[in-house]
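Thanks for coming, everyone. Please have a look at the screen.

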Amino acid sequence: MSSSFTAPSYAAVLRTPYARRTFGAALLGRLSYGMVSLALVLAVRRATDSYAAAGSVMAVFGLTSVFLSPARAALVDRYGPRRVLPVMAAVYAALLTALALATAWSGASGVVLGVLAGAAGAATPPLGPVMRSLWSTLVPDRGLLQRAYSLDGVAEELLFVTGPLLVGVLVKVAVPSVGLAVSAALALTGALALATSPAAGGWAAAGKTEDGGTPARSAGRPGLGQAIAVAAGVGMALGALDLLVIAFADERDASAVVPWVLAALSAGSAVGGLVYGAVPWRSSSRLRLSVLAVALGLVLAATGLSPHPYVLIVGAALGGLFVAPAVTTAYLIADECARPGARTKAGAWVNTALNAGSSSATAGAGLLVGRLPLPVCFALAAAPVVLSAATGLRGRRRSAPPAPLDEEPTEGPDAEQQRHGYDVGRFSALHSIGRCGGPVRRRMFSHR
């Protein structure tokens, strides 16, 4: 994967008009998602005095949130964030507040809590997919967009580390249901701020579109299939790793090492994401995604051979170096391959694959641990992400020729900008990554 010339800086991303306000609003709302899972489990456990009820309610919330994400994103694509996000955020916040009230006292019905949690998950505002769509509007240069996506991914990683810490602080001074109320307030405030930002005002709603049966057909061109497959593989690797690390520590009576391993994974991911985003790659995004998937899988498999917990920490940090770059590249490919007016939905499919893969692999790893040696479990956890790399290689052989350079979108959030002076940014897209993740047809350079 060779690199080209100097890329724009992360500071340049944040100096883009309206970027700081829009990004800040999205991060504020997404902090809610870093808090809500732990707050919900603790609140339901306290109200019902049952771990089974807490796990079941959390599962219902997670299922509706993850698997209905593309449908919610499609509503944003069709009607625009200014019409959809305030309604979703208001419903979501109201349901979380109802959950907070219902869990404030003991004796709550697990069935009632499950219904409320399922409804809240179904109404979760797609702030991440919307922000990534808005990055494409705010930053028309694809080299700069790569940095924006990397910055977004690293910031999201930090939010999911910070969120549980905030819940831990809250439960020391108040009941866990207060964490749900704070999550509701953050989501509502962030979503309203994002929906009212100037960047969201330029969104062109897509209107009604015909969808095919598969995610790739309904949201975009064939390259999206690779992004979804690799995202699912990465999710499976990470979901299994959480449980395998605990099993590794139990075998060696070293439970204290677990948080250090997970922290090393997050730190490696943050470093890898920032470094990866700083490089102006000349190779195609689909090839890079395949390489990153293989590298992540091989490091994870080798980590299972660690003879000591300290070696496991190092292995997790090395594996983390490939996590954020792989996820960032998957989102970039989704953005490139999305049909006009389906950009948010394309990103949501990648996000759904990542989360669904993580959840399913955690359950699968639980069935394998104790029945197979841990190194074999690590290898099996790494297999899906390695195999997902083949989708990119097969796609390169079967892909159709790239679209003509003069093709111009007729609708979607970036249509107006491309009609009014952003052609140079579009050519830079082909230089940096190529259309729809394919090979770069010609070298075009823009003034940065």
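Residues are numbered from 1 along each chain as its sequence is written, and side-chain values use heavy atoms, with hydrogens and water left out.

Confidence comes first. pLDDT is the predictor's confidence in each residue, from 0 to 100. The protein has a mean pLDDT of 81, and 81% of its residues reach 70 or more. Over residues 399-435, though, the pLDDT is below 50. That stretch still has 89 contacts in the model beyond near neighbours in sequence. A contact means heavy atoms within 4.5 Å. Residues 437-448 also stay under 50, with 36 contacts beyond four places in sequence. Where pLDDT is low, the predicted coordinates should not be read in detail.

Now, where is Ala 73? Look in helix H4, residues 69-79. Helices are DSSP runs of H or I, at least four residues, numbered from the N terminus. Is Ala 73 buried or exposed? Its relative accessibility is 0%, so Ala 73 counts as buried. Buried means under 20% relative accessible area, exposed over 50%, partly exposed in between, using a 1.4 Å probe and protein chains only. Leaving out residues up to four places away in sequence, Ala 73 touches Pro 126, Thr 344, Lys 345 and Ala 348. Take Lys 345: it is 272 residues from Ala 73 in sequence, yet 4.8 Å away in space, C-alpha to C-alpha.

Next, Ser 290. You'll find Ser 290 in helix H14, residues 285-303. Ser 290 is buried, at 5% relative accessible area. What does its side chain make a polar contact with? The side chain of Gln 226, at 3.1 Å. A polar contact is a pair of N or O atoms within 3.5 Å; within protein, one must be able to donate a hydrogen and the other to accept it, and residues adjacent in sequence count only if both atoms are side-chain atoms. The backbone oxygen of Ala 389 also lies 3.0 Å from a polar atom of the Ser 290 side chain.

Last, charges over rings. The rule: NZ of Lys or CZ of Arg within 6 Å of the ring centre and within 35 degrees of the ring normal. Arg 45 lies over the face of Tyr 51, 4.4 Å from the ring centre. The charged end of Arg 252 sits over the ring of Phe 248, 3.7 Å from its centre.

How values were computed:
This is a predicted model: local features need pLDDT of at least 70, side-chain atom pairs count only at pLDDT 80 or more; totals for chains, interfaces and linings use all residues. Helices (H or I, at least four residues) and strands (E, at least two) are DSSP runs, numbered from the N terminus.
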